[in-house]
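The sequence and the coordinates come first.

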Amino acid sequence: MPKRVEIRPFSPADVSAVANLLGQLGYPVESEALVLERHAALAADVQQALLVAVCEGQLVGLVQMARVCLLASEGYVEVHALVVDEAARGQGVGAALLEAAQAWTTRFGNLRVRLGSGVHREQAHQFYEHLGYTKRAGFTFEKHMTAAVI
């Protein structure tokens with residue numbers, strides 16, 4: 001039986017648990033101060049959100065999303081990060097976080113949620129498909145830039 005999951009906005013008091021979750025996702029952070037700095041920039045943008053999941057007083061998951069506005073279509077909301085603590089997986093936490101992301105999406109009138117997932121995350125792909133997400137073919141291209149000298 002899934003435990004009761006509370007979804008709420010990130011708070012600075014969550015920084016240690018969130019830093020741990022980011023490491024589990026494969027993105028270790030240099031310091032908790034860096035997490036707080038990044039959150040401050042996100043929190044200033046009403047078209048972005050960072051929600052956390054709490055079960056029995058423990059922070060066990062997070063989802064970060066952002067509204068993407070497009071000229072060619074109605075746009076969508078992109079889930080940039082979704083992670084559930086390894087010890088809490090399979091208990092409905094990820095589903096609750098995605099449900100909250102979907103609810104947040106509709107406040108903008110958007111009816112699409114998109115997310116990316118590494119090709120090696122096969123269990124995650126099955127989870128998304130189980131929740132009604134459709135796999136789309138495509139490629140992601142990335143270019144690393146050097147910092148501008150001012």
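Glu 32 counts as partly exposed because its relative accessibility is 38%, where buried means under 20% relative accessible area, exposed over 50%, and partly exposed in between (1.4 Å probe, protein chains only). The model is predicted, so local features need pLDDT of at least 70 and side-chain atom pairs count only at pLDDT 80 or more, while totals for chains, interfaces and linings use all residues. Residues are numbered from 1 along each chain as its sequence is written, and side-chain values use heavy atoms, with hydrogens and water left out.

Glu 32 lies in helix H2; helices (H or I, at least four residues) and strands (E, at least two) are DSSP runs, numbered from the N terminus. Leaving aside residues up to four places away in sequence, Glu 32 touches Val 15, Ser 16 and Ala 19, contact being heavy atoms within 4.5 Å. Its C-alpha atom is separated by 8.7 Å from that of Val 18, which is 14 residues apart from Glu 32 along the chain.

The spans of two helices are listed below, from first C-alpha to last. The expected span is 1.5 Å times one less than the number of residues.

| Helix | Residues | Number of residues | Span | Expected span |
|---|---|---|---|---|
| H2 | 32–43 | 12 residues | 16 Å | 16 Å |
| H3 | 93–106 | 14 residues | 20 Å | 20 Å |

In H2, the buried residues include Leu 34, Val 35 and His 39. They sit on the same side of H2 because they cover an arc of only 135 degrees around the axis, the arc being that of the directions from the helix axis to the C-beta atoms. Ala 33, Glu 37 and Ala 41 are exposed on the other side of H2. An α-helix has 3.6 residues a turn, so residues three or four places apart point the same way. Helix H1 (15–25) and strand E2 are what the buried residues of H2 pack against.

In H3, the buried residues are Val 93, Gly 94, Leu 97, Leu 98, Ala 100, Ala 101, Trp 104 and Thr 105. Seen down the axis of H3, these fall within an arc of 155 degrees, so they line one face of the helix. Their cover includes E1, E2, E3, E4, E5 and helix H4 (122–130).

Thr 105, found in helix H3, counts as buried because its relative accessibility is 1%. Not counting residues up to four places away in sequence, Thr 105 touches Val 77, Asn 110, Arg 112 and Val 113.

**The sheet**

How are the strands arranged, and in what order? The sheet is open, with 5 strands in the order E1-E2-E3-E4-E5 and mixed pairing; two strands pair if DSSP finds at least two bridges between them. E1 (6–9) and E5 are the edge strands, each pairing on one side only. Direction ignored, neighbouring strands of this sheet are turned by 30 degrees against each other on average. Axes are lines fitted to C-alpha atoms, for helices over the stretch in contact, and angles run from 0 to 180 degrees between N-to-C directions.

E2 and E3 run antiparallel and are joined by 8 bridges, with Leu 51 opposite Val 63 in E3. Their hairpin has 2 residues between the strands, and Glu 56 takes a positive phi near 50 degrees there. Because 8 of the 11 residues of E3 are buried, this strand is largely enclosed by the rest of the structure.

On to the pairing of E3 with E4: strand E3 (residues 58–68) is joined to E4 by 8 bridges, and the two run antiparallel. Val 63 stands opposite Leu 82 in E4, and the bridge partner of Gly 61 in E4 is Val 84. Strand E4 (residues 76–84) is mostly covered, with 8 of its 9 residues buried.

E4 and strand E5 (residues 113–115) run parallel and are joined by 3 bridges. Val 77 stands opposite Val 113 in E5, while Glu 78 has Arg 114 as its bridge partner in E5.

**Helix against sheet**

E4, helix H3 and E5 make a right-handed β-α-β unit. A crossover is right-handed if, with the strands pointing away from the viewer, the path from the first strand over the helix to the second runs clockwise. H3 lies across E1, strand E2 (48–55), E3, E4 and E5, and runs at about 160 degrees to E4.
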